[in-house]
Amino acid sequence: QVQLVESGGGLVQPGGSLRLSCAASNSPFSILFMGWYRQAPGKQRELVATISSSQITTYSDSVKGRFTISRDNAYHMLYLQMNELKPEDTALYYCNAEDYCTNNVCHQGSWGQGTQVTVSS
């Protein structure tokens, strides 16, 4: 199963920037469909951004134009560059890998443990 470890969260002022990282191991990273999700206290987990194996990206309307998802297949890394942060971006951010199949064997995707992002003055 894919193992994912997020880092890069922290406390930032409104209008500031943060870059989240997600290190993946034990997987053929380059073929994985990856995403960032977040969950604020008392709210459901929501999709933030996704990136396919062919680098096609999607974003939620709430972060479009401010956040950028990217991947480095050589280093098995997923990133989320977050600019113009707002207090409503405060949440626990999770890295996700979707289920995948190789050599006719399918494997369950997984979640990281999350990294906290707090936007406050």
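Leaving out neighbours within four places in sequence, R71 is in contact (heavy atoms within 4.5 Å) with F29, S30, L32, M34, I51, S52, S53, Q55, M77 and L78. This is a predicted model, so local features need pLDDT of at least 70 and side-chain atom pairs count only at pLDDT 80 or more, while totals for chains, interfaces and linings use all residues. Residues are numbered from 1 along each chain as its sequence is written, and side-chain values use heavy atoms, with hydrogens and water left out.

- R71 sits in strand β7; strands (E, at least two residues) are DSSP runs, as are helices (H or I, at least four), and both are numbered from the N terminus.
- R71 counts as buried because its relative accessible area is 7%; the cut-offs are under 20% for buried, over 50% for exposed and in between for partly exposed, with a 1.4 Å probe and protein chains only.
- The side chain of R71 makes a polar contact with the backbone oxygen of L32 at 2.8 Å. Such a contact is a pair of N or O atoms within 3.5 Å; within protein, one must be able to donate a hydrogen and the other to accept it, and residues adjacent in sequence count only if both atoms are side-chain atoms.
- A polar atom of the R71 side chain also lies 3.0 Å from the backbone oxygen of S52.
- Between R71 and S52 there are 9.3 Å from C-alpha to C-alpha, and the two are 19 residues apart in sequence.

**R66 in its loop**

- R66 belongs to the loop between β6 (57-59) and β7 (67-72).
- With a relative accessible area of 7%, R66 is buried.
- The backbone oxygen of E84 is reached by the R66 side chain at 2.9 Å.
- Setting aside residues up to four places away in sequence, R66 touches Q81, M82, N83, E84, L85, K86 and D89.

**A49 in strand β5**

- A49 is part of strand β5 (residues 46-51) and, at 1% relative accessibility, is buried.
- Beyond residues up to four places away in sequence, A49 touches M34, G35, W36, T58, Y59, I69 and L80.
- Y37 and A49 are twelve residues apart in sequence, with 7.1 Å between their C-alpha atoms.

**Disulfides**

- The whole structure holds two disulfides, each defined as a pair of cysteine sulfur atoms within 2.5 Å.
- In the C22 and C95 disulfide, the sulfur atoms are 2.1 Å apart. This pair links distant parts of the chain, with C22 in strand β3 (residues 18-25) and C95 in strand β9 (residues 91-97), 73 residues apart.
- The C22 and C95 link is left-handed, at -75 degrees about the S-S bond, and both C22 and C95 are buried.
- C101 and C106 form a disulfide with sulfur atoms 1.9 Å apart, and that link is right-handed, at 100 degrees about the S-S bond.
- C101 is partly exposed at 45% relative accessibility, whereas C106 is exposed at 56%.
- Counting bonded cysteines along the chain, the pattern is 1-2, 3-4.

**Largest pocket**

- The lining of the largest pocket consists of R38, Q39, A40, K43, Q44, E46, P87, E88, D89, T90 and A91. A pocket is an open set of points, on a 1 Å grid over the protein atoms alone, where a 1.4 Å probe fits, with protein on both sides within 12 Å along at least five of seven lines; lining residues have an atom within 4 Å of a point.
- The lining residues divide into three nonpolar, three polar and five charged.

Key
Ala, Val, Leu, Ile, Met, Phe, Trp, Tyr, Cys and Pro count as nonpolar, Asp, Glu, Lys and Arg as charged, and the others, Gly among them, as polar.
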